[in-house]
Amino acid sequence: MSLTNDFIIGYFTFFAALSIASALYITRQKNVFYSAVALAFLGISIAAMIALINTSSYAFYAAFHILLYVGATVVFLAISLVMFRGINVKEVQIPWAPLIAFVAGMLIFIDLILSFSSITPPPVVASFSLKTLADDILQNYWFPTIIIIIALLTTMIEAITLARRD
C-alpha cells in the first residue's frame, strides 16, 4: 500500500472510532445539552468518513453534511434546549482532558503536515464561475441537494413551531 492509502485508512479508522464513541456518549448522557454537543462530533466524523470514501465524488456532499447537521441542526438544538427548557449546563473538570486533547491535536497536526507535504499543486488554476457551479450541482448532485433542501425546510418548520409556542 502507498503512504497516501495508509493515511486514508488511518483517518477513516480514527473518525470511525470517534463516531462510535460519540454515538455511545449521546445514548448514555443524561444531560441533553451534552448529547447535542456529542451530536456535533458525530456529524463531523460521519462527514469526514463520507469524504474519505471517494474525495472527488463525495467531498461536496460531506461539506453540505457539516453545514446542515453541525452548523444548523446541532446549533439550533443546543440553543433551543438552553433557551426553552432552562437546562443548567455545568462545567465538569477532568484533569487529564487537556493533556489528551493536546496530544491528539499534535498527532493530527503532524499527520496533516505529512500527508499534505507530498501533494503537488495543480499547474493551472481554472477560473470559477457560478453558472458552472450551479450546472454541476444540478447535474451531478441533484439527489443530495434535494435531501438538504428537505432537511433545511423541516428545520425551519421546527423553528417556526418553537417560536410560535407560548
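This is a working chat about a predicted model of one protein chain.

Biologist: What share of the residues is buried?

Modeller: Buried residues make up 23% of the 166 residues in the chain.

Biologist: And the surface, what does it come to?

Modeller: The accessible surface is about 12,400 Å². Carbon and sulfur atoms account for 73% of that surface.

Biologist: Now contacts. What percentage comes from residues 24 or more positions apart?

Modeller: Such pairs account for 68% of the contacts with a separation of 6 or more.

Biologist: Let's go inside. Which residues make up the largest nonpolar core?

Modeller: There are 7 residues in all: Phe7, Tyr11, Phe15, Ala16, Ala48, Met49 and Leu52. Helix H1 (3–28) and helix H2 (32–53) each supply at least two of the core residues. H1 gives the largest share, 4 residues.

Biologist: Pick Phe15. Why does Phe15 count as buried?

Modeller: Phe15 has a relative accessible area of 19%, and the cut-off is under 20%, so Phe15 counts as buried.

Biologist: What does Phe15 touch, leaving out residues up to four places away in sequence?

Modeller: Phe15 touches Ser45, Ala48, Met49 and Leu52. Of these, Ala48, Met49 and Leu52 are also listed in the core.

Biologist: Staying in H1, where does Ser19 stand, buried or exposed?

Modeller: Ser19 lies in helix H1. Ser19 is buried, at 8% relative accessible area.

Biologist: How far apart are Ser19 and Leu39?

Modeller: In space, 9.2 Å from C-alpha to C-alpha. In sequence, Ser19 and Leu39 are 20 residues apart.

Biologist: Switching to His65. Where is His65?

Modeller: His65 is in helix H3, residues 55–85. His65 counts as buried, with 11% relative accessibility.

Biologist: And what is His65 in contact with, beyond four places in sequence?

Modeller: Gly43, Ile46, Ala47 and Val70. Ile46 is touched by Ser19 too.

Biologist: On to rings. How many aromatic pairs are there?

Modeller: The count comes to 2 aromatic pairs. One joins Phe14 and Phe15, with ring centres 5.1 Å apart and planes at 70°.

Biologist: Salt bridges next. How many does a search of the whole structure find?

Modeller: The search finds 1 salt bridge. The side chains of Lys131 and Asp135 meet there, 3.1 Å from N to O.

Biologist: Where do Lys131 and Asp135 lie?

Modeller: Both lie in helix H5, residues 130–140. Lys131 and Asp135 are 4 residues apart, about one turn of the helix.

Biologist: What about their accessibility?

Modeller: Lys131 is exposed, with a relative accessible area of 58%. Asp135 counts as partly exposed, at 32%.

Biologist: Last topic, the nonpolar patch on the surface. Which residues form the patch?

Modeller: Leu99, Phe102, Val103, Met106, Leu107, Phe109, Ile110, Ile113 and Leu114. Together they have about 900 Å² of accessible area.

Biologist: Take Phe109. Where is the place of Phe109?

Modeller: Phe109 is in helix H4, residues 97–117. Phe109 is partly exposed, with a relative accessible area of 49%.

Biologist: How does that sit with general expectation?

Modeller: In soluble globular proteins, nonpolar side chains tend to be buried together. Here, the nonpolar patch that includes Phe109 is on the surface.

How values were computed
Residues are numbered from 1 along each chain as its sequence is written. This is a predicted model: local features need pLDDT of at least 70, side-chain atom pairs count only at pLDDT 80 or more; totals for chains, interfaces and linings use all residues. Side-chain values use heavy atoms; hydrogens and water are left out. A salt bridge is a side-chain nitrogen of Lys or Arg within 4 Å of a carboxyl oxygen of Asp or Glu. Buried means under 20% relative accessible area, exposed over 50%, partly exposed in between (1.4 Å probe, protein chains only). Patches are made of residues with over 30% relative accessible area and no salt bridge: like charges are joined within 9 Å, nonpolar side chains (Val, Leu, Ile, Met, Phe, Trp, Tyr) within 5 Å. Accessible areas come from the Shrake-Rupley method with a 1.4 Å probe; for residues, only the protein chains shown count as cover. A nonpolar core is a set of buried Ala, Val, Leu, Ile, Met, Phe, Trp, Tyr and Cys residues joined through side-chain atoms within 4.5 Å. Contact means heavy atoms within 4.5 Å. Rings of Phe, Tyr and Trp (its six-membered ring) pair if their centres lie within 6.5 Å; planes under 30 degrees apart count as stacked, over 60 as edge-to-face and the rest as tilted.
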